[in-house]
Amino acid sequence: MSVLLFAENANGKFKKATLEAASYASELASKLGVELHAVAIGTIANDELAKLGTYGVAKVHTITDAGLSAAFSDQGYTRAVVAVAQAIGAKSVIFSQSYNAKAVAPRVAARLNAAMLSGASSNPTVQGDSLVVTRSVNSGKGIETVRTNRPVSVISVKTNSYGLKETPKTAAIEAFAFSSQASDFGAKSVEVVKTANKISITEADTVVSGGRGFKGPENWGLLEKLADLLGAGTACSKPVSDMDWRPHHEHVGQTGIQIAPNLYIAIGISGAIQHLAGVNSSKNIVVINKDPEAPFFKIADYGIVGDLFEVLPKLTAAIEKAKAAHA
Amino acid sequence: MKSLVCISHVPDTTTKIQYTADGKALDKTGVTFIINPYDELGLVRAIEFKEKSGQGNVTVLCVGNAEVEPTVRKALAIGADDAVRIDCGTAAIDGLYVAHQIAAYAKDKGFDFIFFGKESIESNGSEVPGMVAELLDMPFISQAIHLEAAGGKAQLQRELDGGYESIESSIPAVVSCQKGIAEWRIPNMRGIMMAKTKQLAVVVPAVATDVAVVTEKLELPIAKGGCTYIDAEDPGKLVEILVDKGLI
């Protein structure tokens with residue numbers, strides 16, 4: 001028996017979300033008194049594989065099948081993960097909530113007839129044969145406590161909810177024999193196109209977000225300067241993306257991306273209920289708005305009531321000064 | 001194209017969520033229900049296929065009790081041809097239960113595409129589409145932002161972090177929809193009138209299975225401790241606090 005981690009890599013490197021899922025899986029494995037194994041698909045250097053040990057992985061099963069190494073396949077990845085899970089008798093299979101993980105996890109759950117706990121925001125408590133976790137529902141407006149009713153579970157870990165925790169082990173690396181077949185490529189990747197080289201807002205520790213208060217896309221330089229200083233991702237409210245001031249993939253909220261950074265700075269966003277639903281898992285919220293009645297202040301930790309065009313230059317100057325003092 | 005569009009009946013996005021006193025269910029008092037917005041994108045894309053080619057069929061499917069019927073009628077008003085409700089009654093359901101019912105219904109109907117939203121705004125699980133694909137052994141294109149079909153193949157784009165992936169898929173396929181694949185539509189009066197006469201079949205669940213996941217409790221997030229205000233003239237104070245807390 002063991003816990004299995006789906007250790008996704010991008011161009012041979014493990015993403016932060018993968019390492020977070022490893023940290024989460026490591027705690028679960030120790031609660032269950034079993035080892036944490038990982039399955040890694042693709043060409044990955046040994047020192048990168050060893051990194052999984054830092055987060056508690058005892059053994060990495062590597063699959064270097066040419067077809068699956070060349071491109072993602074929802075059916076092929078599913079068969080591979082299921083093959084490893086069955087070979088090692090996995091009690092629980094842990095995923096991040098990356099795009100590819102979200103495509104594979106439910107397939108694996110259906111194949112294993114497993115209880116699927118998606119977007120878990122707490123590490124499970126073990127109650128007899130069941131695992132109990134919390135997850136956010138109603139797009140962040142509520143919290144659901146759920147219990148598994150199957151011997152095997154599939155858990156996807158809500159990004160940025162658990163954090164990175166090191167529990168160093170020396171990970172054994174072992175090749176797992178798996179061959180893809182033509183039927184694994186019903187959906188065939190043609191190419192992957194990068195449209196933004198910026199920091200991923202789901203993984204970012206800090207996100208700076210702008211709303212209609214900016215009055216137009218020409219004023220976004222103010223926000224970008226602040227984000228650059230903080231090494232932050234940039235996001236926006238729904239009206240801003242609807243008006244095409246900013247691209248859709250920056251829209252955070254109920255019908256946009258849901259994020260949970262350490263620090264969320266909302267500037268010129270009033271805080272409609274749909275927006276708050278997408279960001280209220282943020283650990284610290286700063287709101288800058290000229291309207292003291294803006295609903296956003298109700299869930300803010302820190303607020304500045306003022307005109308963003310006056311506040312932002314002062315704020316960036318103060319951060320530059322603080323950075324210079326710490327340099 | 002013959003399409004099946006699976007929809008969820010969810011609280012409107014403006015709803016202030018409350019749960020019943022026992023913490024077991026949503027308090028539906030005063031709540032307006034809508035078609036899950038992402039599911040509606042799949043519905044519109046399916047209707048567009050039919051409009052463009054002048055042939056094909058769009059069936060809407062919802063797993064739920066009689067309460068969901070107005071939402072299903074709205075899908076018919078937008079332009080679906082017929083509808084099916086799998087009557088699960090008032091028993092608790094989960095993603096795997098719903099996936100089993102949908103897969104059993106769709107198995108021998110010859111649908112080219114089975115559409116879903118990328119997630120429901122109620123349970124935010126993104127579970128059912130992938131599960132249905134696995135149960136039917138079909139390719140699954142998740143978070144699709146673009147879909148065309150020609151020569152027995154589908155050309156898609158699926159959203160990725162900071163970009164997208166172009167995909168060529170065999171048909172039939174399961175597609176979960178993200179913004180970009182279609183635009184939302186408001187039903188017109190003619191559509192609303194026609195919807196009243198379209199078929200809405202009610203069928204019993206074909207697969208007897210218990211839930212794999214049990215809801216123990218639903219609650220609201222803990223309210224924040226209140227906002228500390230900082231003078232707009234002196235944002236340096238905010239920087240001091242954030243540095244102290246190790247946030248910047």
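Biologist: Leaving aside its neighbours within four places in sequence, which residues is B:Ile181 in contact with?

Modeller: The model is a predicted one. B:Ile181 sits in the loop between E10 and helix H5 (189-195) of chain B. Its contacts, apart from neighbours within four places in sequence, are B:Leu41, B:Arg45, B:Ala144, B:Ile145, B:His146 and B:Leu147.

Biologist: Does B:Ile181 count as buried or exposed?

Modeller: A residue is buried if 20 or more other C-beta atoms lie within 10 Å of its own. B:Ile181 has 25 C-beta neighbours inside 10 Å, and therefore it counts as buried.

Biologist: What share of the residues in chain B is buried?

Modeller: Chain B contains six helices and 13 strands, and its C-alpha atoms fill a box of roughly 65 × 45 × 40 Å along the principal axes. Among contacts in chain B with a separation of 6 or more, 70% are between residues 24 or more positions apart. Of the 248 residues in chain B, the buried share is 48%.

Biologist: Which strands stand at the edges of the ten-strand sheet?

Modeller: The order of this open sheet is E13(A)-E9(B)-E8(B)-E7(B)-E10(B)-E6(B)-E1(B)-E4(B)-E5(B)-E11(B), with mixed pairing. Each edge strand has a single partner strand, so one side of each is left without a neighbour in the sheet. The edge strands are E13 (187-194) of chain A and E11 (200-203) of chain B.

Biologist: Within that sheet, which residue of E10(B) is the bridge partner of B:Ile114?

Modeller: Strand E6 (residues 113-117) and strand E10 (residues 173-177) of chain B run parallel and are joined by five bridges. In E10(B), the residue paired with B:Ile114 is B:Val174.

Biologist: Which residues is A:Val190 in contact with, leaving aside its neighbours within four places in sequence?

Modeller: A:Val190 belongs to strand E13 of chain A. It has 13 C-beta neighbours inside 10 Å and therefore counts as partly exposed. Beyond its neighbours within four places in sequence, A:Val190 is in contact with B:Ser166, B:Ile167 and B:Glu168.

Biologist: At what angle do helix H5 of chain A and helix H4 of chain B pack?

Modeller: Two packed helices are described by the angle between their axes and the distance between the axes. For H5 (residues 99-111) of chain A and H4 (residues 128-136) of chain B, the axes are 7 Å apart and the angle is about 50 degrees. H5(A) is therefore oblique to H4(B), and the crossing is right-handed. The angle asked for is about 50 degrees.

Biologist: How do the residues of the contact of H5(A) with H4(B) divide into nonpolar, polar and charged?

Modeller: On the H5(A) side, the residues include A:Ala103, A:Pro106 and A:Arg107, and those of H4(B) include B:Gly130, B:Met131 and B:Glu134. The division is seven nonpolar, one polar and three charged.

Biologist: Which strands of chain B does H4(B) touch as it packs on the sheet?

Modeller: H5(A) lies across strand E7 (140-150) and strand E8 (153-160) of chain B, at about 95 degrees to E7(B). The direction of H4(B) makes about 65 degrees with that of E7(B). The strands that H4(B) touches are E6, E7 and E10 of chain B.

Biologist: Which element supplies the largest share of the side of chain B that touches chain A?

Modeller: In this interface, 68 residues of chain B are in contact with 72 residues of chain A. The side belonging to chain B divides into 35 nonpolar, 19 polar and 14 charged residues. With eight residues, the largest share comes from E9(B).

Biologist: Which residue of E12(B) is the bridge partner of A:Ile143?

Modeller: Strand E10 (residues 142-148) of chain A pairs with E12(B) in the antiparallel sense, over six bridges. The partner of A:Ile143 in E12(B) is B:Glu219.

Biologist: Which residue of E13(B) stands opposite A:Gly303?

Modeller: An open sheet of six strands has parallel pairing and the order E15(A)-E14(A)-E16(A)-E17(A)-E18(A)-E13(B). Strand E18 (residues 302-305) of chain A pairs with E13(B) over two bridges. Opposite A:Gly303 stands B:Tyr229.

Key
Residues numbered from 1 in each chain as written. Chains lettered and ligands numbered in written order. Predicted model: local features only at pLDDT ≥ 70, side-chain atom pairs only at ≥ 80, totals over all residues. Helix = DSSP H or I, 4+ residues; strand = E, 2+ residues; numbered from the N terminus. Buried ≥ 20, exposed ≤ 12 C-beta atoms within 10 Å, placed from the backbone. Contact = placed C-beta atoms within 7 Å. Axes fitted to C-alpha atoms, helices over the stretch in contact; angles between N-to-C directions. Parallel < 35°, antiparallel > 145°, perpendicular 65-115°, else oblique. Left-handed = near helix turned anticlockwise from the far one by under 90°. Nonpolar A, V, L, I, M, F, W, Y, C, P; charged D, E, K, R; others polar. Pairing = 2+ DSSP bridges.
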